[in-house]
Amino acid sequence: MSRESALVKNTIIIAIGKICTQFVSFFLLPFYTNVLSTEEFGAVDLLNTLVGLLLPIVTFQVEQAVFRDLIEIRHQEKEKRAVVSSAFFSVCLQCLVFFIIALLAAPLIQNRFLHFLAANVIASIFSSLFLQIARGLGNNVSYAFGSFVSAASTIGFNVLFLAVWEMGAAGMLLGTLLGNIVCAAYLFFSLHLYKYISLHSFMSRIIKKLWEYSLPLVPNAISWWVFNASDRVIVSAALGLSQNGVLSAASKFSSAYIGIYNVFNISWTESVALHLKDQDGEEFFNRMFQKALGMFFGMAAGLIAVLPFAFPIMVNEAYDAGYGLAPILILASLCNCLIGLISAIYIANRNTKAVAHTSIIAAFVNIAAHLGLIQFVGLYAAAVSTLASFGVMSLYRLYDIQKRYFKIQIPRPFLLKTFAAFSVILAGYYLDTIYLKEAAFLLAVLYAWDLNKDFFFLFWGKVKDKIVRR
């Protein structure tokens, strides 16, 4: 199987497991915004944000190191057992330390959701570790189905707890916890991890090797938390939980977009790690990179153009203040996509220190911009600061990677078309004229088609050939 075909195949497998449930969750947004007040929605979002902060701190991002190591030893049973066992027992010990700290801190923190925070962190740690083991072993089917099980069970529990038992914010948090537990249990048994986990296979030298790779990723992960989550904390403190609920609802559109990218990035990172050292590795990267740019820029343009018609349908009117934020957050997510695509080169070269360095710089930009702007533009400071930090980070990493490794090719005609198309689409969004909005939507369709028509014909040709053969 060619490298391109393997990339497409892995992406499709993972997409089946992840995108379907993410879209179901996205289309449940009207349900969530109707049954939860803006304060409750903001509280749930804030707690999930804190879970995202604690995960890398507790685990040292060791699950990312496990994935990177397992890629290279997929056919070496003894080495696989050593890596999986060492990582598992390391994570168990780290979770125990975290649990003890949480118990000691409980009397000092008066919050009725604190127990959900601790339980969700531990459940998320094990589901994340087992998902990365599945990826590292090359079992993308189990990875995809594990993701599906997690999302589907979370959605099911949320509907049950919110619509039937009317548990409010606590019900939504409990649903997330049970979703992670179900995912971890499924992967533990479907991957037969009990065969890989043994105290006899535990090796301190492997833990040291894993931590050498993963520890520089901790400040990187915290920096990403700053990008994605510090806005929630600052808004909650300065403007209140109600405004954080509005920001959370507005960000669901960019979250759905970045969720699609994350599906692709899973197989993209693996493909770059495996093939960048090939004789034509640089040519392969640039060829696939340009196709990915066309796909995600076209998708962002289409999403912004359709939002004027979709936002009033998808979001309760109590959250209307988020309408102007949505396209700014989508543009920030687009910069995030660019960062992820080129950062696979760092991962392929095991240069996690450079990943951390560039992330920290942009995190400071995010916080400084947000704090500096919030008194002048209110809620818009969150979106603008996120866009500014992701923009700075994408430009810096593009420069740094080209200086360290090789030239990344972005065609000039693509840049010119993109600037013109997004200028018209954004004008159509913010100017309250229905004809301009319709023209912007048509332009977005034409722009996306122009960027991706070659890929579409190639994909359709392969599908047609398979149908004919069968």
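Buried means under 20% relative accessible area, exposed means over 50%, and partly exposed lies in between, with a 1.4 Å probe and protein chains only. Helices (H or I, at least four residues) and strands (E, at least two) are DSSP runs numbered from the N terminus.

This is a predicted model, in which local features need pLDDT of at least 70, side-chain atom pairs count only at pLDDT 80 or more, and totals for chains, interfaces and linings use all residues. Residues are numbered from 1 along each chain as its sequence is written, and side-chain values use heavy atoms, with hydrogens and water left out.

1. The face of H16 turned away from its buried side carries Arg-412, Leu-416 and Phe-419, which are exposed. The buried residues of H16 are Phe-414, Thr-418, Ala-421, Phe-422, Ile-425, Gly-428 and Tyr-429. An α-helix has 3.6 residues a turn, so residues three or four places apart point the same way.

2. Helix H16, length and a contact. H16 covers residues 412-430, 19 residues in total. From first C-alpha to last it reaches 27 Å, close to the 27 Å expected at 1.5 Å a residue. The expected span is 1.5 Å times one less than the number of residues. Ala-420 also lies in H16. Ala-420 is partly exposed, at 43% relative accessibility. Its C-alpha is separated by 9.9 Å from that of Tyr-447, 27 residues apart along the chain.

3. Helix H6. How many of the 23 residues of H6 are buried? The count is 19, so H6 is largely enclosed by the rest of the structure. Its 23 residues should span 33 Å at 1.5 Å a residue, and the end C-alpha atoms are 33 Å apart, which agrees. Gly-138 follows H6 and has a positive phi, near 80°.

4. H6 against H8. Two packed helices are described by the angle between their axes and the distance between the axes. Axes here are lines fitted to C-alpha atoms, for helices over the stretch in contact, and angles run from 0 to 180 degrees between N-to-C directions. The axes of H6 (residues 114-136) and H8 (residues 168-190) come within 8 Å and cross at roughly 30°. H6 and H8 are therefore roughly parallel to each other. Angles under 35 degrees count as roughly parallel, over 145 as roughly antiparallel, 65 to 115 as roughly perpendicular and the rest as oblique. H6 passes H8 in a left-handed crossing. A crossing is left-handed if the near helix is turned anticlockwise from the far one by less than a right angle, and right-handed if clockwise.

5. H11 against H13. H11 (residues 241-275) and H13 (residues 326-348) pack at about 15°, with their axes 9 Å apart. That makes H11 roughly parallel to H13. The crossing of H11 past H13 is right-handed.

6. Tyr-186 lies in H8 and is partly exposed, with a relative accessible area of 25%. Tyr-186 and Ser-150 are 36 residues apart in sequence, and their C-alpha atoms are 9.2 Å apart in space. His-192 sits in the loop between H8 and helix H9 (204-214). His-192 is not a glycine, yet has a positive phi of about 55°. Most residues other than glycine have a negative phi. At 35% relative accessibility, His-192 is partly exposed.

7. Ala-383. This residue is in helix H15 (residues 380-404). Ala-383 is buried, with a relative accessible area of 0%. Ala-383 and Leu-329 are 54 residues apart along the chain, with their C-alpha atoms separated by 5.6 Å.

8. Cysteines. How many disulfides does a search of the whole structure find? The search finds 0. A disulfide is a pair of cysteine sulfur atoms within 2.5 Å. The sulfur of Cys-335 is 9.1 Å from the closest cysteine sulfur, in Cys-337, too far for a bond. Cys-337 is buried, at 2% relative accessibility.
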